[in-house]
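Dear colleague,

I am passing the structure on to you with this message, and below it I have set out what was found. Please read the notes with the sequence and the structure open beside you.

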Amino acid sequence: MSEEFEPNIVAFLCNWCSYAGADLAGTSRMHYLPNIKIIRVMCSGRVNPLFLVNALQQGADGVLISGCHPGDCHYLEGNYFARRRFMLMRKLLEHVGVDPGRVNMSWVSASEGAKFKEVIDETVAMAKEAGPMDQFRRRQLNW
Amino acid sequence: MVDEKNLRDKAKEVLERDDVRRLIGWARGTYGYESAPVVLKDASEVDKLIFDPTCVQNPASFITLEEKKPVPRGQEPDTRKVAVLVKGCDSRAIVQQLVEKAYDREGVIVLGVPCTGVVDRRKAAKMFGDTSEPVEISEEGDKYVLTVNGEKKEAPKAELVADKCLRCRYPNPLVYDMLVADEVEKWADDEFADVDEFAGQTPEEKWKFWEEQFSKCIRCYSCRNVCPMCYCVECVVTKQKPQWTRRATDISENTAYHIQRAWHLAGRCIECMECQRVCPVDIPIMTLNRKLTRDVKEMFEYEPGVDVEAEPLLACYNPQDPEEYIM
Amino acid sequence: MGDFKFAKDKMAEVIGALKDYQVLAPKAVGDVLRFQPVEDPAQVSLDYPNTNVPPKELMFPETETLFKYRVGQTDIEPEVPDASARRLIFGIRPCDALAYTIVDKLYAWDFPDPYYQKRREATVLFGFACSEPAANCFCPSMGGGPASEKGLDALMFDVGDTIYVKTLTDKGEEAAKAMGLEAAGEAQMKAADAQEKEALAKIKRTLDHSGIPEKLPSLYDHTMWERFSDRCLSCGICTFLCPTCHCFDIQDEMEGFDGRRARMWDTCMFSEYTLHTSGHNPRPTRKERTRNRISHKYSYFPEKFDVIACVGCGRCINYCPVNIDLLDILEDVKKAEVKEAKTA
């Protein structure tokens with residue numbers, strides 16, 4: 001059997017909505033793809049877009065940032081700032097030649113376990129299509 | 001057209017004031033097609049000032065470059081003002097620095113210089129060769145007249161002028177305390193055609209281009225140091241605890257550095273193009289910055305460096321902001 | 001030693017004949033020239049003033065691994081270059097070769113640096129005399145010249161359709177034989193002499209540096225430094241592109257359990273240059289750092305090694321974005337009035 005490429009996705013989930021949503025997906029025994037590695041942050045507004053660049057350097061094939069729906073941020077405005085930032089960062093990375101399917105964002109609330117599963121499926125599918133991230137990965141071989 | 005005598009007289013008036021510490025402008029270079037920035041401390045030095053198409057540098061960068069040394073005990077800090085001569089594009093840097101509250105409006109005196117374009121020294125060197133003598137350039141209609149090694153040469157302005165000038169929308173300073181010459185007509189529009197052309201390529205083509213460009217980078221940080229908007233006391237690329245970007249000059253770190261810088265200029269880059277001019281290995285840095293400038297304009301209807309009353313782009317939001325790709 | 005020649009249109013063959021050497025020659029990416037390993041000998045062209053990045057990167061790379069390590073293991077193997085892996089730098093200018101002789105002294109000083117020294121041992125320098133000096137060259141003032149032989153194993157002259165090759169050392173002779181060169185005649189040697197005289201006459205900028213190394217320490221508190229440092233960007237272009245500058249930083253990089261210790265170019269112009277861990281910085285502003293750089297090259301280095309650490313290549317002048325001109329600074333140094341030294 002040939003080895004199919006399994007992408008490594010780093011997911012930044014906001015504590016109050018998306019992380020709880022992921023938790024709900026888990027407790028409801030919904031099977032979602034194991035490719036994601038979750039980092040819990042208090043708010044999507046905490047995520048520095050440079051984390052994405054660093055993640056891609058360290059071997060992530062795709063990144064997901066997920067927060068509360070606009071208007072429902074636990075800290076009132078964090079996700080609005082995050083939305084602006086990631087719209088721009090995605091455009092910038094696209095201009096450098098990074099497949100836009102690697103940079104993903106979603107609004108998942110605490111009750112949307114099913115949506116979380118779909119978001120993960122979609123993210124992994126797009127990263128699979130983009131292929132292994134080889135462009136500016138830190139290479140041990142270079143040493 | 002700027003009358004140099006008028007410029008020097010106005011500069012003299014400003015430097016003679018008690019509350020002015022220094023004046024930043026341009027002086028004749030020691031060779032070639034570019035001027036040298038100069039910082040004057042005394043009114044007797046104003047004869048060094050010039051203004052002609054060799055004045056490419058952005059004096060606004062020097063306002064924030066000045067280090068704030070701790071003051072010895074018993075001494076008062078010198079709070080006198082800094083005066084600066086700026087062209088249209090340079091003045092946008094001052095506007096944006098004021099928007100970000102880098103300093104008080106009362107701390108600077110801005111002498112505005114309406115500009116009709118500056119020469120790109122690479123184009124000039126290709127046309128007339130390198131020279132060990134400073135070149136004087138004047139404008140006559142749509143031609144430049146240059147004195148190269150004692151000989152008079154002519155060239156059409158459009159062939160020698162810097163690329164940024166061909167799409168200059170702000171030849172007149174946007175903020176000033178006084179103008180040293182009459183305002184000029186706006187002479188171009190910017191359709192961002194170059195951005196569209198680059199963006200139309202496939203991701204593979206784009207990456208191939210950038211891989212070649214970023215491999216040249218020697219991480220001298222000239223682009224960052226000359227940028228009027230890069231004035232952080234501790235820059236993220238030189239931060240050691242923790243270290244974001246390694247100092248090794250491999251493709252991974254070089255790419256990360258350029259993405260970081262372009263990102264930190266999102267909604268702040270005022271397109272003086274100095275970063276691209278100073279790069280010793282000719283990396284087309286502005287290709288990245290202009291993409292964000294265009295997208296910021298389209299998505300958020302925002303233009304940096306134009307309105308002193310504006311808020312910084314990423315410090316505010318609109319509940320109706322676009323979210324085209326968000327799941 | 002020997003006098004050889006080859007026809008210009010046979011250059012690809014001559015380079016191709018060097019099977020035992022890795023040949024490095026100037027290559028252009030856009031307008032930027034750097035020394036790169038030759039992949040296609042037919043692409044080599046010697047029609048160039050000088051490279052942007054000096055060939056110091058061939059002896060002292062931008063980034064190099066000193067050794068690799070693994071957490072938990074105690075043995076480390078230094079990754080010293082192989083002195084027997086022969087290389088030939090084809091077309092290096094005399095100023096850059098002179099720079100090697102200056103930096104050699106430093107790398108053999110208190111710690112013989114094997115990384116640099118092994119590369120030097122393994123490399124043959126085939127120089128290329130300058131017929132058209134660039135606008136800001138001043139190599140004759142610094143002990144070099146458009147046809148200076150210092151530091152070179154062989155020197156090539158472009159004398160029309162032929163390249164005249166003068167071998168200067170055994171290594172050069174060996175390489176010339178490997179290239180299969182034929183003997184040169186009087187005509188080529190005369191043409192080379194004439195070219196050198198013409199090139200010397202074309203050099204416009206000069207510097208009389210007598211007395212400067214002794215005078216500099218007494219100008220420590222002088223206000224002349226502000227005239228230049230006020231517009232300095234601390235960008236470091238002057239140091240990165242200088243063939244004699246040699247500052248480096250050493251950093252450890254980890255990926256999981258594996259790591260490497262790497263050395264990379266650093267510059268005395270950055271504000272972090274002498275930043276102490278305590279936060280104190282004895283050279284906090286550009287004035288101190290500009291003064292330090294000039295004093296190092298023109299006073300502290302000659303004090304230790306009897307040679308000024310400058311070869312007159314002019315790159316610092318050509319590439320400084322704010323027109324800080326080294327010769328301008330040194331003229332000021334010569335004119336400056338020395339004030340009475342403060343007594344303790």
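Which domains does the domain assignment of chain B give? In this model, which is predicted, the assignment gives domain 1 of chain B as 4–66 + 79–131 + 162–179, and domain 2 of chain B as 193–315. The C-alpha centres of these two domains of chain B lie 24 Å apart, and the contact between them takes 20 residues from domain 1 of chain B and 18 residues from domain 2 of chain B.

On the side of domain 1 of chain B that touches domain 2 of chain B, α2 (60–65) and α3 (88–99) of chain B each supply at least two residues, and the largest share, nine residues, comes from α3(B). Sorted by class, that side of domain 1 of chain B has 11 nonpolar, five polar and four charged residues.

The other contact to look at is the one between the chains, where 30 residues of chain B are in contact with 36 residues of chain A. The elements of chain B that give two or more residues to the side touching chain A are α7 (203–216), α9 (251–264) and α11 (286–300), and of these α9(B) gives the most, with eight residues. By class, the side of chain B that touches chain A has 21 nonpolar, three polar and six charged residues.

With best wishes

Key
Residues are numbered from 1 along each chain as its sequence is written. Chains are lettered from A and ligands numbered from 1 in the order in which they are written. This is a predicted model: local features need pLDDT of at least 70, side-chain atom pairs count only at pLDDT 80 or more; totals for chains, interfaces and linings use all residues. Two residues are in contact if their C-beta atoms, placed from the backbone, lie within 7 Å. Helices (H or I, at least four residues) and strands (E, at least two) are DSSP runs, numbered from the N terminus. Ala, Val, Leu, Ile, Met, Phe, Trp, Tyr, Cys and Pro count as nonpolar, Asp, Glu, Lys and Arg as charged, and the others, Gly among them, as polar. Domain bounds come from an automatic or database domain assignment.
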